[in-house]
Amino acid sequence: AATAAIQNGSCVYSDAISLPLMAGVYTAPSPRCPSYVDGRGVALTRNTSWDNRVNFYPGGFVADKCWQEANVEQMRHADYLLLRYSPPTFPEWDGSTRAYVLSHFTLAVRHPNGRQPFELWKRRLAVAGKRVALLSR
């Protein structure tokens, strides 16, 4: 119900595969809508030189510039973000990833209760005269 605002056929970025699956909006990764099925797993498997004496969470994610850039690239295609955390405090994102989200998306739904709290963010629209166009992705 809280994700009913997601239009059919939309590209939805999520940090947790369970959210779009439960909402019935999951689509397999494609050129139109690229995504990781397990983004955290990607970062963990690519960072084989991380010092095992130092906890990878969240510092390893934040320090991984390629992982940060890949997530932003996926978001450039997204109409919506379906997230477990609020972007300003998202633990695995660095400042540039947070800034991209906050400048290109706006909060549509905050669902703080239940087994899995989440937030739904919608791409911001720009109005130019009478024409409505998506902001530069």
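Me: Is R76 buried, partly exposed or exposed?
Reply: This is a predicted model, so local features need pLDDT of at least 70. R76 comes out at 33%, so R76 counts as partly exposed.

Me: Which residue forms a salt bridge with R76?
Reply: Side chains of opposite charge can pair when their charged atoms come close. Here the partner of R76 is E73, with the closest N and O atoms 3.5 Å apart. E73 is also partly exposed, at 40% relative accessibility. Both residues lie in helix 4 (residues 65-77). They are 3 residues apart, about one turn of the helix.

Me: How many salt bridges does the whole structure hold?
Reply: The search finds 7. One of them joins R40 and D15, whose closest N and O atoms are 3.0 Å apart. That pair links distant parts of the chain. R40 is in helix 2, while D15 is in the loop between strand 1 and helix 1, 25 residues apart. R40 and D15 are both buried.

Me: Where does R84 lie, and what does its pair with D15 tie together?
Reply: D15 and R84 form a salt bridge, again with closest N and O atoms 3.0 Å apart. R84 lies in the loop between strand 2 and helix 5 (95-104), and D15 in the loop between strand 1 and helix 1, so the pair ties together parts that are 69 residues apart in sequence. D15 has a relative accessible area of 11% and is buried. R84 has 26% and is partly exposed. Now widen the view: D15, R40, R84 and E92 are linked in a network of salt bridges.

Me: On to the strands. In what order do they form the sheet?
Reply: Strands of a sheet pair through backbone hydrogen bonds, either parallel or antiparallel. In this model, 4 strands form an open sheet in the order 1-2-4-3, with mixed pairing. Strand 1 and strand 3 (105-111) are the edge strands, each pairing on one side only. Neighbouring strands are turned by 20° against each other on average, direction ignored.

Me: Which strand pairs in the parallel sense with strand 2?
Reply: Strand 1 (residues 12-14) does, over 3 bridges. With strand 4 (residues 118-123), strand 2 pairs in the antiparallel sense over 4 bridges. L83 stands opposite E119.

Me: Are the faces of strand 2 covered or open?
Reply: Both faces are covered. Y80 and L82 are buried on one side, L81 and L83 on the other.

Me: Next, rings. How many aromatic pairs are there?
Reply: Look at centre distance, then plane angle. The count comes to 7 aromatic pairs. Take F56 and F61: their ring centres are 4.9 Å apart and their planes at 70°, so the pair is edge-to-face. Both are buried. Y85 and F90 have centres 5.3 Å apart and planes at 85°, so they too are edge-to-face. F90 is buried at 1% relative accessibility, but Y85 is partly exposed at 30%. Ring pairs also link W50, F56, Y57, F61 and W67 into a cluster.

Me: Which residues make the nonpolar surface patch of about 270 Å²?
Reply: L21, Y26 and V37 make this patch. Y26 sits in the loop between helix 1 (18-23) and helix 2 (39-46). At 32% relative accessibility, Y26 is partly exposed.

Technical notes. Residues numbered from 1 in each chain as written. Predicted model: local features only at pLDDT ≥ 70, side-chain atom pairs only at ≥ 80, totals over all residues. Heavy atoms only, no water. Phe/Tyr/Trp six-rings, centres within 6.5 Å; stacked < 30°, edge-to-face > 60°. Buried < 20%, exposed > 50% of the residue type's maximum accessible area, 1.4 Å probe, protein only. Patch = residues over 30% accessible without salt bridge, like charges linked within 9 Å, V, L, I, M, F, W, Y side chains within 5 Å. Areas by Shrake-Rupley, 256 points an atom, 1.4 Å probe, with all protein chains shown as cover. Salt bridge = Lys/Arg side-chain N within 4 Å of Asp/Glu carboxyl O. Helix = DSSP H or I, 4+ residues; strand = E, 2+ residues; numbered from the N terminus. Pairing = 2+ DSSP bridges. Axes fitted to C-alpha atoms, helices over the stretch in contact; angles between N-to-C directions.
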